[in-house]
Amino acid sequence: MSTALYYDDPFLRTFEATVTARRGDEVALDRTAFYPTGGGQPCDTGTLNGIPVLAVEKDDEGRIWHRLAAPLEADRVRGEIDWARRFDHMQQHTGQHLLSAVFHHLLHGETVGFHLGERIVTIDLDLPRLTREAAMRVEQEVNHLVWEDLPVEARFVSDEELARLKLRRAPKVAAPIRIVTIGDYDATPCGGTHLLRTGQIGPVKLTAIERYKGGVRVTFLCGQRAMDDYRRLHETTRDIALRLTTAIDDLPATIDRLREENKALHREVRRLRLEAMEHEAPRLWESAPAIDGIKTIVGHRADSDLESLRRLAAILRTYPRTLILLATTEAKGCRYLAARSDDLPFDAAALLREALAPLGGRGGGSVQMAQGGGPPRDAATVEAALREAVRHHLDQASQHKEEA
Ligand SMILES: [Zn+2]
């Protein structure tokens with residue numbers, strides 16, 4: 001069994017110990033300040049005699065195993081834990097105790113899950129719902145308790161004392177039971193590492209509330225993580241305000257105005273595009289090649305959209321003996337349109353399907369006009385596929401004519 005130095009002194013950063021067992025790339029020590037993964041708190045990392053410790057686990061016999069990045073020959077070791085990582089874990093974990101206690105006191109919400117990740121920290125509560133207002137009350141109360149700088153104490157207790165204590169939740173492990181108290185405000189069983197006073201937690205910020213498994217999941221940040229997040233958000237907001245040449249407080253109104261302007265511009269572009277089609281159609285028809293006396297208007301058009309293609313095709317198909325197969329690229333991918341004048345026997349939907357097959361697209365419509373869409377393709381690939389489909393269609397038509 002390894003003596004867990006982190007229980008007596010969670011602020012111990014370096015220690016000396018003796019190797020008591022080895023297996024593969026792991027060593028067990030007679031005493032250690034390395035906290036092993038458990039109770040929702042990730043393990044410590046650091047070094048033993050300068051060799052990086054990658055992971056720490058406790059086995060059923062109470063031995064604490066340190067997985068090393070390289071072989072360790074010595075039997076006596078000097079250990080040093082990664083203090084920034086440990087302190088971060090203690091800020092998040094102690095903050096979680098306080099947050100869970102406030103949810104218990106203010107809303108009778110019990111914590112049923114806790115996750116401390118590299119970036120995200122969450123608790124799961126058995127509350128059916130949590131309004132923003134209630135969450136902000138909890139957040140405010142947690143920060144008040146941080147400012148009160150209450151003592152945080154952890155100790156193993158006897159069965160008699162355990163029976164007397166009013167615990168927020170029942171122990172999940174057998175004796176000896178370790179109790180963590182925050183002033184007179186909270187007492188709960190826990191085997192993790194904690195700060196000594198609530199003031200060390202620093203600011204506590206709730207960042208997300210979502211429904212989760214019939215309850216509520218709350219994401220939050222404590223201490224340095226909250227500070228980093230505040231700095232990042234502040235810089236991002238400041239940067240956006242600078243780009244929009246406005247004050248941070250005026251951002252919502254400025255963005256609303258820009259969105260309105262943008263909508264109006266879109267409407268105007270659409271109107272102009274459609275108007276342009278009226279002028280372009282006759283010119284396009286005149287310059288289109290005639291194959292077997294059929295005007296074929298084929299190609300990919302940049303700076304267009306499906307609506308404009310539809311308008312263009314609707315005009316073009318009023319001309320005699322005209323076959324149209326057009327494409328454009330919109331935000332989500334390529335859009336396609338096939339059409340023909342009423343005096344031609346072709347099936348526009350069949351022509352479209354044939355053109356789309358090699359492009360991975362799908363579509364349908366009537367024999368006069370059909371439309372479809374597909375994944376993004378470059379203009380040259382699209383053009384080649386459209387021309388091939390038209391050529392094949394016209395070949396087939398002339399064959400039918402010869403056979404007849
Ligand atoms: Zn704890």
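Modeller: Angles under 35 degrees count as roughly parallel, over 145 as roughly antiparallel, 65 to 115 as roughly perpendicular and the rest as oblique. The model is predicted; local features need pLDDT of at least 70, side-chain atom pairs count only at pLDDT 80 or more, and totals for chains, interfaces and linings use all residues. Residues are numbered from 1 along each chain as its sequence is written.

Biologist: Why are α2 and α5 called roughly perpendicular?

Modeller: The axes of α2 (residues 83-107) and α5 (residues 223-243) cross at roughly 95° and come within 7 Å. Roughly perpendicular covers 65 to 115 degrees, and α2 and α5 are therefore roughly perpendicular to each other.

Biologist: Which residues make the contact?

Modeller: Asp 88, Gln 91, Gln 92 and Gly 95 of α2 meet Gly 223, Gln 224 and Arg 225 of α5; contact requires C-beta atoms, placed from the backbone, within 7 Å. These residues comprise no nonpolar, five polar and two charged. Asp, Glu, Lys and Arg count as charged; Ala, Val, Leu, Ile, Met, Phe, Trp, Tyr, Cys and Pro as nonpolar; the others, Gly among them, as polar.

Biologist: Which residues touch the most other members of the largest nonpolar core?

Modeller: Ile 324, Leu 325, Ala 338, Ala 355 and Leu 386 do, out of 32 residues. At least two residues of this core come from each of α6 (251-287), β17 (294-300), α7 (306-316), β18 (322-330), β19 (333-340), α8 (348-356) and α9 (379-403).

Biologist: What is Leu 386 in contact with, leaving aside its neighbours within four places in sequence?

Modeller: Val 298, Gly 299, Leu 325, Ala 327 and Ala 355.

Methods:
Axes fitted to C-alpha atoms, helices over the stretch in contact; angles between N-to-C directions. Helix = DSSP H or I, 4+ residues; strand = E, 2+ residues; numbered from the N terminus. Contact = placed C-beta atoms within 7 Å. Core = buried A, V, L, I, M, F, W, Y, C linked by C-beta atoms within 7 Å. Buried ≥ 20, exposed ≤ 12 C-beta atoms within 10 Å, placed from the backbone.
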